[in-house]
Amino acid sequence: MDAINLSNKTDWSFIEEVAKESGQNPSLCYQCGNCTAGCPYSHYFDYPVSQIMRLLQAGQKDTILNSKAIWLCATCETCTTRCPCEIDVAHIMDTLRIIARRENRVSEKDIKIFYDAFLDSMKQFGRLYEVGMLLAYNLKSGHLLTDADLGPKVMSHNKIHFLPHSIKGKDQVAKIFERYQNKAKKHG
Amino acid sequence: MAEREYAYFSGCSLEGTASEYDASVRAVLKELNVRFREPDDWSCCGSTPAHTVDHVFAAALAARNLRLIEKLGLDTVIAPCPSCMTVFKKAQYGMTESEAFRNEVNELLDEPYNCGVESKSALQVLFEDVGLDAIAERVTHALPGLKVAPYYGCILNRPPEIARFDDPENPVSMDKVLMAAGVEVTNFAFKLECCGAAFGVTKREMVNQLTYKVLSMAIDSGANCIAVACPLCQQNLDLRQEQVNKTMGSSFNIPILYFTQILGLVYGLPPREIGMDKLVVSADEIVYSRITVEEMRKRAELEAQAKVKKPEKKIAKEEAKTEENE
């Protein structure tokens, strides 16, 4: 972990924003480290989850929103389950990811491209079209051969549909997307 | 069970790459006389990608489906996929507990959802509603030699405030269901450890490493099969098993079955009906090992008799030895 100069301005409004949106009180964390000890991803995070909590208490917005950790969290809920202060840590990580997305600061581009490909497919057909989503991801991420080795396996076991299945109510689903986007625009 | 009727929400995975989970859940529910109806025209639950965008938006995508179920006049939905189930439970509890949240979600919907639907996993319905006795009663076949590591995955029982089912640190429902069905289970320390499936496509190496740990721990527990209740876990452990072997230099070849496929096998169902042919790591050996409960009993009797005879032989041999020495 890099040294962090705490005399850098503490962003109080950021702490407040996260607390309000997540409904959690970050100052309850006393740094016991239980979350980090149980987190299957600690090894891959640039900042282990307990350090994200400490950075949040110190209002270090930039460090947090530029971190890889918030995108590599899989919401497996181990931290939330084990927090002795009953903080919903996974929900805080989720909220940080939402804010990073909103402010267009995404440290793990591929993960966001994958999520977006999933949502695009859903908006278009009402349900997830697995083949289409993977192709869209491979094109947009530039990793053209991602999981190409799995193709023969799923095909020989007849596990996929090559054509999307559109539902009748796909417009209703698309409207949920539109209403949300309009609302998000209005509230900046 | 006959009077009660559930809704059934298969979800996108069960319609595609996890069709064997769908087939086996339906077959087992039928065998256990669990009645259900499906909402017409259901849509994707939104899963993980939606809750990286916004919590109200994510809940609305879930609530559209809950509203369809509500309109069927049903109050409990069986959602076999833990991802759908968690999203439904989060929407349900969030909207029940906060009026402001409920209003915000309903503003995004064509028709407001009135919070009348509880969601349960297939495991929860079998364990809590059907019960172990009924599960055991239906058994006609045995799988001798099979040792199963019950793998719950990360979100089937967690967080406890949302899942409201079984223990969040040491769940036992799947262990007990399988034991009631006459199947031997192992003491699997990694039964809850996240396999990383959500990042299977984007962070392959990381996920292969996480999966390697889960597979290793299952083998260490003495298992020759892993039972799962999640389409993402299954895909990750089964479809990606060869990737894991390449990345980690391992040589795993362990079948990954949905726990409902195992129930289907001991209920004597035809293997194709429960999608045994869809598994990438072959489970043919398990299928071929299947015998009737009656045969199993005879086999056990013969083994018991053989055990009684053995000591006599030993004594005779020892006597012969002492004679030789003399």
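**A walk through chain B**

In E9(B), Ile256(B) is the bridge partner of Ile226(B). This is a predicted model, where local features need pLDDT of at least 70, side-chain atom pairs count only at pLDDT 80 or more, and totals for chains, interfaces and linings use all residues. Residues are numbered from 1 along each chain as its sequence is written, with chains lettered from A and ligands numbered from 1 in the order in which they are written.

Stay with the strands (DSSP runs of E, at least two residues, numbered from the N terminus, as are helices, runs of H or I with at least four). Strand E8 (residues 225–228) of chain B runs parallel to strand E9 (residues 256–258) of chain B, joined by 3 bridges; pairing takes at least two DSSP bridges. E8(B) is also joined by 3 bridges to strand E6 (residues 147–150) of chain B, again parallel, and here Pro150(B) has Ala227(B) as its bridge partner.

In a regular strand, side chains alternate between the two faces of the sheet. In E8(B), Cys225(B) and Ala227(B) point one way, Ile226(B) and Val228(B) the other, and all are buried (20 or more other C-beta atoms within 10 Å of the residue's own, with C-beta atoms placed from the backbone).

Now for the helices. H7 (residues 122–130) and H10 (residues 173–180) of chain B pack at about 65 degrees, their axes 10 Å apart (axes are lines fitted to C-alpha atoms over the stretch in contact; angles run from 0 to 180 degrees between N-to-C directions). Leu123(B), Leu126(B) and Phe127(B) from H7(B) meet Ser173(B), Met174(B), Lys176(B) and Val177(B) from H10(B), contact being C-beta atoms, placed from the backbone, within 7 Å.

Definitions and conventions. Contact = placed C-beta atoms within 7 Å. Buried ≥ 20, exposed ≤ 12 C-beta atoms within 10 Å, placed from the backbone.
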